[in-house]
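Have a look at the model first.

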Amino acid sequence: MDLWAHRGSGKGELENTLKGFEIALNSGFKAVEFDVMLTADGVPMIHHDWVMGRCARSVDPAMAATDPLTRFDSLRARDLRHYSVQGEPIPSLAQTMAFCLEHGMRANVELKATHPANAIALGRAVLQAIRALPQNQQEHIQANWVFSSFYHASLLPLQGHDLALLYEQLPDNWVLHADALRASAIHLHWSGAEPTALRRIHTTGRVVRVYTVNDAEQAKTLQALGVKGLFTDRMTL
């Protein structure tokens, strides 16, 4: 069973930063999960929340109180230099891909559209970033990386890559969406990864991965149920 470092080194102080990915690497992880969003000027950057202030805070303490009112997608890429995650800069998708490729790490890239209108634009921006790489690196990503999203339209431009649909609980119509996108995997929240749902997915030949599993006994139970991958905040599980 594969273990993926959730948001790099887990949800918390250094999530979605190059330092966090380095911690995961040094902890023995061979795969990381991270979130990509679009700035106002269309640059794919690594960030989770729709608003600022929890993980990425203003470097100016006087501005920190207004952070929760600032939407990530209202900022340009150059504006992000005014924010940090515990002193670490917000990395671009290009920087993060370079880190993972340099260290031979697999990646699960979660596409986080902020509204329906930019869902496909986000997928196109991610595809453009991949196509900017040398051919051998593009082929490596196509063979080893996974692209997932709750916003399934984001995955449309990435068909031909390994796609996973994200759900908290498995809906009745999940297989229609999975077939339409030719998705090879379903990613479920641990609370929705119950035996009946897992059997429904497995009967279609698809892989199941579960987020966010931080308990060793729960991990063993899910492995026994045929789950192929876990996303975890713990650097030792």
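This is a predicted model: local features need pLDDT of at least 70, side-chain atom pairs count only at pLDDT 80 or more; totals for chains, interfaces and linings use all residues.

Q: How many aromatic pairs does the structure hold?
A: There are five of them.

Q: Why is the pair of phenylalanine 21 and phenylalanine 99 called tilted?
A: The ring centres sit 6.4 Å apart, and a pair needs centres within 6.5 Å. The planes meet at 40°, which is neither under 30 degrees (stacked) nor over 60 (edge-to-face), so tilted is the label left.

Q: What makes this pair a tie between parts of the chain?
A: Phenylalanine 21 belongs to helix α1 (residues 18-26) and phenylalanine 99 to helix α2 (residues 93-102), so the pair ties together parts 78 residues apart in sequence.

Q: How do you know whether phenylalanine 21 and phenylalanine 99 are buried or exposed?
A: Buried means under 20% relative accessible area. Phenylalanine 21 comes in at 0% and phenylalanine 99 at 12%, so both count as buried.

Q: What kind of aromatic pair do phenylalanine 150 and tyrosine 211 form?
A: An edge-to-face one, with 6.4 Å centre to centre and 85° between the planes; the cut-off for that label is over 60 degrees.

Q: Why is phenylalanine 150 called partly exposed?
A: Its relative accessibility is 33%.

Q: What about tyrosine 211, buried or exposed?
A: Tyrosine 211 has a relative accessible area of 13%, so it counts as buried.

Terms used. Residues are numbered from 1 along each chain as its sequence is written. Side-chain values use heavy atoms; hydrogens and water are left out. Rings of Phe, Tyr and Trp (its six-membered ring) pair if their centres lie within 6.5 Å; planes under 30 degrees apart count as stacked, over 60 as edge-to-face and the rest as tilted. Helices (H or I, at least four residues) and strands (E, at least two) are DSSP runs, numbered from the N terminus. Buried means under 20% relative accessible area, exposed over 50%, partly exposed in between (1.4 Å probe, protein chains only).
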